[in-house]
Amino acid sequence: MKKRFFGVFGILFLFLVTGIISHSAAKDNEVVLYIVRHGKTMLNTTDRVQGWSDAVLTPAGIEVAEYLGAGLKEKKIKFTAAYSSDSGRSIQTADIVLKETGQKSIPLKTDWRLREFNFGTYEGDLNHTMWTDIAKSQGKTLEQWQAAGISPKDFANSVAALDKGRDPEGVNWPAEDYETITKRLKEGIDEIAKESARKGGGNVLVVSHGLSITALVNTLDPGLNVPAGLKNASVTKVVYKNGKYEVKEVGDMSFVEIGRKLNSK
């Protein structure tokens, strides 16, 4: 009876110790997140509001994604996993990058939490209309508002407030305020980072959107205060280790430039 008791106890103890060691090892696995803004789209070209609404990449958008992939391949960046928002423009960009880097075998996982800001009833409207309405709500001309600099937090909260008056019956998905946006983005990136660490770490491709990437960086490192305006196919590099994030690069276009030069040879 004693032998059996200690035998069972020993097995349980072994499982416990193995679990602790495994958890500790997972925490130590460094994850490097290559967070990419999608390529240029048809709605970008026509200067339309594009948040949860979607459009395919333009020829130039495809080209810049190809340049990015070629640059990453030249620098021998190997990915252990790949993620994208569930918007078509992000998926298309991620597929191109994986193809150009010779890593099409990596399954692309989509996550709605990586989406761009939702602009509610302004979706598909002219950017000029939305920007003018924000400026008026703050007692400014469009020129004054633009000259003051655009904060993603102020931008999101202003649109969310304006959208309530444009859709009083709530028939549309409401525009998101900044807290809602950053909450989903942080939850999404936390899950990606932790899962990647558990699986051994390494480089992870994450394709998202301009304002969302900026908001995420400001959330991970509030001291940076990155303004809006990331370029298409730019790379924001974030290192995750032991539950902490360190922003290394924001809006890096060097991989695209490498790919462009390779293509011109």
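**Close-up views of a predicted model**

**View 1. Asp-125 and Arg-166 join their side chains in a salt bridge (3.9 Å, N to O).** Asp-125 sits in the loop between β3 (108-110) and α5, while Arg-166 belongs to helix α7 (residues 152-166), so this pair ties together parts that are 41 residues apart in sequence. The structure holds 13 salt bridges (a side-chain nitrogen of Lys or Arg within 4 Å of a carboxyl oxygen of Asp or Glu). Helices (H or I, at least four residues) and strands (E, at least two) are DSSP runs, numbered from the N terminus.

A note on the model: it is predicted, so local features need pLDDT of at least 70 and side-chain atom pairs pLDDT 80 or more, while totals for chains, interfaces and linings use all residues. Residues are numbered from 1 along each chain as its sequence is written, and side-chain values use heavy atoms, without hydrogens and water.

**View 2. Helix α8 (residues 178-198) packs on helix α9 (residues 210-220) at an angle of about 80°, with axes 9 Å apart.** Axes are lines fitted to C-alpha atoms over the stretch in contact, and angles run from 0 to 180 degrees between N-to-C directions. The two helices, α8 and α9, are therefore roughly perpendicular (65 to 115 degrees). Residues in contact (heavy atoms within 4.5 Å) include Tyr-178 and Leu-185 of α8 and Ala-215 and Leu-216 of α9.

Key:
Parallel < 35°, antiparallel > 145°, perpendicular 65-115°, else oblique.
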